Amino acid sequence: MTTPPVLKLVKGAAAPLPRVRDLDWSILMARAQDGDANAYRRLLESVTPYLRAHAARCHRNPSDVEDAVQDILLTLHAVRATYDPARPFGPWLTAIARRRLIDRLRRQGRRRALETEFEPNHETLADPSANIEDMTKIHDITAALDRLPSRQREAMRLTKIEGLSLKEASAASGTTVAALKIATHRAIRHLRQFFSGSGT
Amino acid sequence: MIPTDDLISALAANLRPVRRLRPPLLRATGFLLLAALILTMIAAAHGWRPGLLVRLAEIRFALSLAGALFTGVLAAVAAFLVSLPGRSRRWLWLPFPALALWLSSIGYQCWRFWTPMVPGGAPPGETASCIATLVLTSLPLSLALALMLRHAASFNPGPVILAASLSVAGITASALTLFHPLDASVEILMFNLGTGSLIVLLGGAINLFVSSRLEIPE
């Protein structure tokens, strides 16, 4: 049956194919070809750990491993008419599994060439509060805003920091749109002076 | 992704009995019999090339024909064997000796016949009839192989398509040699390679289609 802990136990192992089992599988597959659903279910459940061990050698991510196993099972289902019960089942199954895993690795390689992996680093640096350099600037900006007259500071907060439209900001602050425009304009001029060093 | 157990239950629940494929050599024989039938029908309708028996006595002509014919036969056998999971890929080497024989004689004939053919060219009627032979031979054979080897699409299509197109090319070239006085020239090669490439492209498209259908929706 499919339990995730099995993954860790068999990961990296070659999982040799026992001969007795091969014969069992061969018989089950022959019955499945004749339409015996129970035999088919037993066969698929029995080969799944073996396939999982195979897939674990190619993929590290457990969900990739499970994806690969399902891919192999679907291919096995699609080409089940090609199995000849007079021949061993193992090489037939291994050939399908190997082919499917190679295809997946190729496809994954193509996809990875177009993508950048998202790592914890990206998240840390994108988060402003975690970035030391940005923190310094935030302190400076906060200090500069504190120096502004209260109407200008309010206008900046509403229109530039909270990102409201002039209309919304006008409604929120109770001032006219024209007054807001002037206040914002003056606030920006003050800030510019502050950061260029000419402000007090 | 659905749980693997659920997938297994779904596959078992929708299981339908399948007819096992017959042994690959038997299936290859069936395909070659179809090819023989097509060649016989063209022979009956069109007739052999003028002076065939005399040309057959020439060792180089006989080797070229045998090379093309054996390439067709052995590549078909290789295609049927390699299309099955678990069979050795080394079977792909099977048609190579015949192919080498065929290609070496084509090289010689290109060098010898191509230049004199350029100024006058082949008569238009002969060219049309030649193209008809090409189409009548390669099209049904390609379709038959595509149908008989379709199970390889979801397993390992590349080498199978390669071997199958080589087989069709060999048989088609043999047909041309048997029915038309135009010896192996560049146009035959181009047509054969064109047929092969078309099959490879179609096969690639089918493969993409099949594998994208096999993708499990997340």
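A residue is called buried here if 20 or more other C-beta atoms lie within 10 Å of its own, exposed if 12 or fewer, and partly exposed in between, with C-beta atoms placed from the backbone. On that count, buried residues make up 39% of the 218 in chain B. Bear in mind that this is a predicted model, where local features need pLDDT of at least 70, side-chain atom pairs count only at pLDDT 80 or more, and totals for chains, interfaces and linings use all residues. Residues are numbered from 1 along each chain as its sequence is written, while chains are lettered from A and ligands numbered from 1 in the order in which they are written.

Let's stay with chain B. It has eight helices and zero strands (DSSP runs numbered from the N terminus: H or I of at least four residues for helices, E of at least two for strands). Call two residues in contact if their C-beta atoms, placed from the backbone, lie within 7 Å. Among contacts in chain B between residues at least 6 apart in sequence, 85% join residues at least 24 apart.

Now for the partner. In all, 35 residues of chain A are in contact with 25 residues of chain B. On chain A's side, the elements giving two or more residues are H2 (19-33), H3 (37-56), H4 (62-78) and H5 (89-114). H4(A) supplies the largest share, eleven residues.

Finally, the inside. A nonpolar core is a set of buried Ala, Val, Leu, Ile, Met, Phe, Trp, Tyr and Cys residues joined through C-beta atoms within 7 Å. The largest one has 77 residues, of which Val77(B), Ala78(B) and Ala79(B) touch the most other members.
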